[in-house]
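The exercises below concern one protein chain. Each gives a task and then a solution in steps.

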Amino acid sequence: MAIMDAEYISQTKGPRILGVFWAFFSSMVASYTILTTVNVVLGYGSHTPVLMERGGMDLVERILVINYADFALGIMSFTTPKLAVAALLNRIMNPTLFHRIWLWILTGSVFVASSICIIVLFTMCDPPQALWKVRLMSEGATCRPTKILVGYAIFTGVLSAVVDLYLAIYPTVILLRLQMSLKKKLALCAALGLGAVACAMAIVKCLQLPGLYDKEDSTYGTADLVIWTSVESNIIIMASCIPTLGPMYEMIRGKRSWSSHGRYESSKLRSDTDRPIKKSASNDRDDDILMTTNIGATGSGSQESILNSDQLQTEVHMAGKIHRTDQVKIEYGTRPEGDHEPRPSW
């Protein structure tokens with residue numbers, strides 16, 4: 001084995017990997033982060049020849065098998081949250097039936113394509129253990145060309161990027177058409193538009209996929225792919241969670257009780273009060289509505305299903321009561337001259 005200099009031996013991407021994973025740990029799938037941490041502790045991110053000298057082939061194989069399991073978790077971590085985003089958009093945007101089906105088709109296609117990618121990964125070699133047990137190649141194991149895996153993985157990554165971009169553009173276009181404050185529009189567009197950032201991360205990840213060709217130093221060559229997969233998946237998870245954090249936002253600001261008993265008492269107090277809803281001149285009310293907007297579709301387009309400022313001034317809604325509105329239409333005309341029929345008495 002060639003003599004390695006000190007700089008080569010000390011080269012490792014392990015700290016970078018851990019920094020990314022643990023920075024996103026609050027939104028990341030815990031098993032994915034913990035498994036990656038264990039792999040980095042074993043030596044993943046360092047050069048394979050260095051690991052060979054440190055622990056032999058057994059150490060390298062142990063790291064590789066964990067890494068392939070990590071690949072599977074990483075693929076599902078940026079795929080499954082897209083289904084959550086589709087469910088979120090169907091809930092708050094209230095699209096037409098066709099658009100509902102279209103959203104599920106888009107996100108479902110990514111889920112199916114990603115699942116197939118995992119199958120392609122673990123069926124690359126016969127037997128599958130030859131993926132991480134390199135010694136089996138000298139004992140008659142066979143593997144398909146790596147370009148098959150890389151090519152299909154790039155296809156899956158591009159499909160994921162396109163769907164991320166669509167999931168970001170669709171709510172933004174709808175929100176910009178609504179009658180609401182600019183502050184509220186920007187906040188909602190930023191929350192629902194994180195998919196555009198995930199799209200960019202997916203493209204960067206695709207550029208790292210050729211690292212799979214590096215069979216001689218795979219523990220170092222695939223590290224960047226793991227990092228960008230983590231970044232992409234966490235952004236998608238945040239995109240699906242941020243718009244639903246309205247109640248927590250209100251709790252932090254003291255607008256809502258943290259305990260279920262307090263929320264019950266608050267709702268009971270509102271039910272027993274016969275006060276009309278008044279418009280507040282401060283920005284607090286706009287902040288409260290910021291993360292709780294619900295959008296409904298009508299025959300003429302989309303509109304907010306919350307009361308606007310004019311309705312808040314003129315309408316009184318009593319909690320716990322049913323209100324009925326009757327519309328009366330009165331038509332009248334002039335009586336022709338000479339018509340002396342007696343007028344009806346009311």
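Helices and strands here are DSSP runs, helices of at least four residues and strands of at least two, numbered from the N terminus. The model is a predicted one.

**Exercise 1.** Find the helix content and end-to-end distance of residues 101–124 and of residues 186–205.

Solution.
- Step 1. The unreviewed UniProt entry lists residues 20–45, 65–89, 101–124, 149–174, 186–205 and 225–246 under "transmembrane region".
- Step 2. Residues 101–124 are 92% helix and 0% strand, with 34 Å between the end C-alpha atoms.
- Step 3. For residues 186–205 the figures are 95% helix and 0% strand, and the end C-alpha atoms are 28 Å apart.

**Exercise 2.** Compare the span of α4 with that of a straight helix, and locate its bend.

Solution.
- Step 1. α4 has 30 residues, and at 1.5 Å a residue a straight helix would reach 44 Å.
- Step 2. The end C-alpha atoms of α4 are only 27 Å apart, short of that value.
- Step 3. A bend of about 120° is found in α4 at G55.

**Exercise 3.** Describe the largest cavity and its lining.

Solution.
- Step 1. The count of cavities of 30 Å³ or more is three.
- Step 2. The largest cavity holds about 240 Å³ of space.
- Step 3. Its lining has 18 residues, and I75, C117, A153, L209 and L225 lie nearest the centre. Two or more lining residues come from each of α4 (48–77), α6 (97–122), α7 (146–176) and α11 (223–241).
- Step 4. By class, this lining of the largest cavity has twelve nonpolar, four polar and two charged residues.

**Exercise 4.** Which residues line the second largest cavity, and which element gives the largest share?

Solution.
- Step 1. The space in the second largest cavity is about 40 Å³.
- Step 2. The second largest cavity is lined by V85, D164, L167, A168, L192, G195, I236 and A239. The elements giving two or more residues to that lining are α7 and α11.
- Step 3. The largest share, three residues, comes from α7.
- Step 4. Six nonpolar, one polar and one charged residues make up the lining of the second largest cavity.

**Exercise 5.** Identify the disulfide, and state what it ties together.

Solution.
- Step 1. The whole structure has one disulfide.
- Step 2. The disulfide joins C125 to C143, with an S to S distance of 1.8 Å.
- Step 3. The angle about the S-S bond is 110°, and the link of C125 and C143 is right-handed.
- Step 4. Because C125 lies in strand β1 (residues 125–126) and C143 in strand β2 (residues 142–143), the pair ties together parts that are 18 residues apart in sequence.

Key. Residues are numbered from 1 along each chain as its sequence is written. This is a predicted model: local features need pLDDT of at least 70, side-chain atom pairs count only at pLDDT 80 or more; totals for chains, interfaces and linings use all residues. Side-chain values use heavy atoms; hydrogens and water are left out. UniProt positions are given in the numbering used here, feature names are shortened, and annotations may be inferred rather than shown by experiment. On a 1 Å grid over the protein atoms alone, a cavity is a set of points where a 1.4 Å probe fits but cannot get out, and a pocket is an open set with protein on both sides within 12 Å along at least five of seven lines; lining residues have an atom within 4 Å of a point. Grid points are joined across faces, edges and corners, and a volume is the space filled by probe spheres set on the points. Ala, Val, Leu, Ile, Met, Phe, Trp, Tyr, Cys and Pro count as nonpolar, Asp, Glu, Lys and Arg as charged, and the others, Gly among them, as polar. The expected span of a helix is 1.5 Å times one less than its number of residues. The bend at a residue is the angle between axes fitted to the seven residues ending there and the seven starting there. A disulfide is a pair of cysteine sulfur atoms within 2.5 Å.
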